[in-house]
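Hello,

Here is the structure I promised to pass on. Please open it first, then read my notes below.

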Amino acid sequence: MIFSFSLKSAFLLMFFLLGILFSILNLVKGIQNNSRASYWLSLFTFLCVMYISPFMLGYAGWYTRDPYRHFLFYMPFQQVLLIPPVLYFYYKAAFDKTFVFNKSSLLHFLPGFIYLLYAFFVFIFDQYIFDAIVFYKDEKDKDFSFWYQCLGFFTLVFYAIKSFSVYNQYKIRTYNTISYADTLAFKWARHCLIALFILLAFRGFFFVINPEWAEFGRKFWYYLAFSFIFSYISFNGFIHAVRVELIDTLMNKRPNASDVVKESMPIETFETKKSETPLDNLIEWKSKLDIYMMESKAYENPELTIYDLSIPLDIHVKKLSQIINQGYNMNFNDYVNQYRVQAVIKQMEAGNHSVQTLLSLAYDCGFNSKSTFNRSFKRWTSTSPNDYVKKFLKK
């Protein structure tokens with residue numbers, strides 16, 4: 001088997017092998033943790049590896065040699081109608097713990113399955129039914145037909161938007177339920193989708209100005225950028241799965257019962273002690289909440305959740321979230337962090353910043369990371385912790 005190494009074929013080969021590795025690793029992680037998200041990520045990575053394969057092999061000279069050329073034309077490498085919904089269901093499984101794949105979910109994959117059947121029948125008819133090659137008489141790979149690539153482009157745009165919506169819903173839900181949301185924001189997922197949108201914008205631009213962009217040699221940089229993106233998703237998704245597993249191991253909890261999973265669920269799913277309380281006494285509830293926060297210093301718990309706060313107040317978590325959202329015009333995460341910032345300032349005013357580092361004071365007051373402390377402090381004081389000490393406190 002001959003593989004002609006060049007700069008282009010070598011780069012894509014590197015991402016091909018890396019993709020195979022992470023597809024296997026995510027599959028193993030899915031089996032170990034019974035993680036649906038890891039299964040979806042494994043399938044997504046494998047389909048992306050298939051997607052770049054014809055270009056890797058083309059730059060390696062396979063499309064100019066028999067018998068490789070004959071096989072490659074009939075192999076449906078580019079599943080542009082399957083990759084988008086698989087990416088979407090990965091985001092659903094990773095960021096929506098109430099998601100269940102059902103029969104209606106299969107409809108998302110119907111166009112991709114139809115194309116697979118089409119590719120299969122093309123192969124059967126050309127090789128075994130007709131006396132001569134008919135479908136591939138023009139010697140052009142059906143995967144690169146303009147209608148198919150164009151349909152795949154719009155499908156990916158559609159599901160990328162849906163995936164972005166899933167992530168944003170998760171982010172809102174997280175900031176409304178836990179006090180350390182910054183550490184679980186998974187900004188890599190958002191950044192990756194933004195990068196994907198930018199890549200799609202460039203591809204759409206070329207579709208408009210140069211419909212013949214499907215010519216083989218002109219697409220290397222697009223496929224290289226696509227390889228970076230799918231590798232980034234696969235790697236970070238795997239690291240996320242390892243991180244969740246590590247948290248559960250350290251806390252001696254099973255993965256399905258982890259705080260990370262529980263706290264990312266919709267607040268309506270939490271168990272409550274009593275029925276929902278009508279939100280007709282907002283001022284009274286705000287007073288109760290503020291008094292409890294100041295007296296109990298609940299904000300010092302770095303893993304405080306809205307569920308933890310609802311128990312002593314004897315209120316439904318959904319109503320508590322409404323009180324904070326409507327009464328203070330902020331989410332739960334910001335509400336708790338403002339108390340932490342105030343507590344740090346009191347420590348500074350007492351002179352404790354002279355005997356402890358600012359970060360140590362922040363940890364004592366409930367912050368669990370330097371970046372979250374600095375960001376929150378600047379938000380509520382319009383200055384950094386160090387600048388606050390220099391401007392307002394005596395040395």
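Glutamate 284 is partly exposed, with a relative accessibility of 43%. Its salt-bridge partner is lysine 288, at 3.6 Å from N to O. Lysine 288 is partly exposed too, at 40% relative accessible area. Both residues belong to helix α10 (residues 282-296). They are 4 residues apart there, so about one helical turn separates them.

Please keep in mind that this is a predicted model.

**The other salt bridges**

How many salt bridges does a search of the whole structure find? The search finds 3.

Another one joins aspartate 334 and arginine 379, with the closest N and O atoms 2.6 Å apart. Aspartate 334 sits in helix α13 and arginine 379 in helix α15, so this pair ties together parts that are 45 residues apart in sequence. Is aspartate 334 buried or exposed? Aspartate 334 counts as buried, because its relative accessibility is 11% and the cut-off for buried is under 20%. Arginine 379 has 48% relative accessibility and counts as partly exposed.

Then there is aspartate 96 with lysine 92. Their closest N and O atoms are 3.6 Å apart. Both of these residues are buried.

**The chain as a whole**

Now step back and look at the overall picture. The chain has 16 helices and 0 strands. Of its 395 residues, 50% are buried. Take the contacts between residues at least 6 apart in sequence: 74% of them join residues at least 24 apart. The accessible surface comes to about 20,300 Å². Carbon and sulfur atoms account for 63% of that surface.

**Helix α15**

Go back to the helix that holds arginine 379. Helix α15 covers residues 370-381, which makes 12 residues. At 1.5 Å a residue, the helix should span 16 Å. Its end C-alpha atoms are 16 Å apart, so the two values agree.

Which residues of α15 are buried? They are Thr372, Phe373, Ser376, Phe377 and Thr381. These residues cover an arc of only 130° around the axis, which means that they lie on the same side of α15. Their cover includes α13, α14 (358-364) and α16 (385-392). Just after α15 comes serine 382, with a positive phi of about 65°.

**Glutamine 338, in α13**

Helix α13 runs over residues 332-349, and glutamine 338 is part of it. Glutamine 338 is buried, at a relative accessible area of 13%. What does this residue touch, leaving out residues up to four places away in sequence? It touches Met330 and Trp380.

**Threonine 174, in α6**

Threonine 174 is found in helix α6 (residues 146-175). Its relative accessible area is 3%, so it is buried. Residues up to four places away in sequence aside, threonine 174 touches Ala181 and Leu184. Now compare sequence and space. Threonine 174 and asparagine 331 are 157 residues apart in sequence. From C-alpha to C-alpha, the two are 9.5 Å apart.

Look for Leu117, Phe120, Phe121, Phe125, Tyr128, Ile129 and Phe130. Together they make a nonpolar surface patch of about 710 Å². One of them, phenylalanine 120, is in helix α5 (residues 110-129). Phenylalanine 120 is partly exposed, with a relative accessible area of 44%.

Most residues other than glycine have a negative phi. Two asparagines are worth a look here.

Asparagine 34 has a positive phi of about 50°, although it is not a glycine. You will find asparagine 34 in the loop between α1 (7-33) and α2 (36-59). It is exposed, at 56% relative accessible area.

Asparagine 329 has a positive phi as well, of about 55°. The loop that holds asparagine 329 is between α12 (317-328) and α13. Is asparagine 329 buried or exposed? At 69% relative accessibility, asparagine 329 counts as exposed.

Best wishes

Notes
Residues numbered from 1 in each chain as written. Predicted model: local features only at pLDDT ≥ 70, side-chain atom pairs only at ≥ 80, totals over all residues. Heavy atoms only, no water. Buried < 20%, exposed > 50% of the residue type's maximum accessible area, 1.4 Å probe, protein only. Contact = heavy atoms within 4.5 Å. Expected span 1.5 Å × (residues − 1). Arc of directions from axis to C-beta. Patch = residues over 30% accessible without salt bridge, like charges linked within 9 Å, V, L, I, M, F, W, Y side chains within 5 Å. Areas by Shrake-Rupley, 256 points an atom, 1.4 Å probe, with all protein chains shown as cover. Salt bridge = Lys/Arg side-chain N within 4 Å of Asp/Glu carboxyl O.
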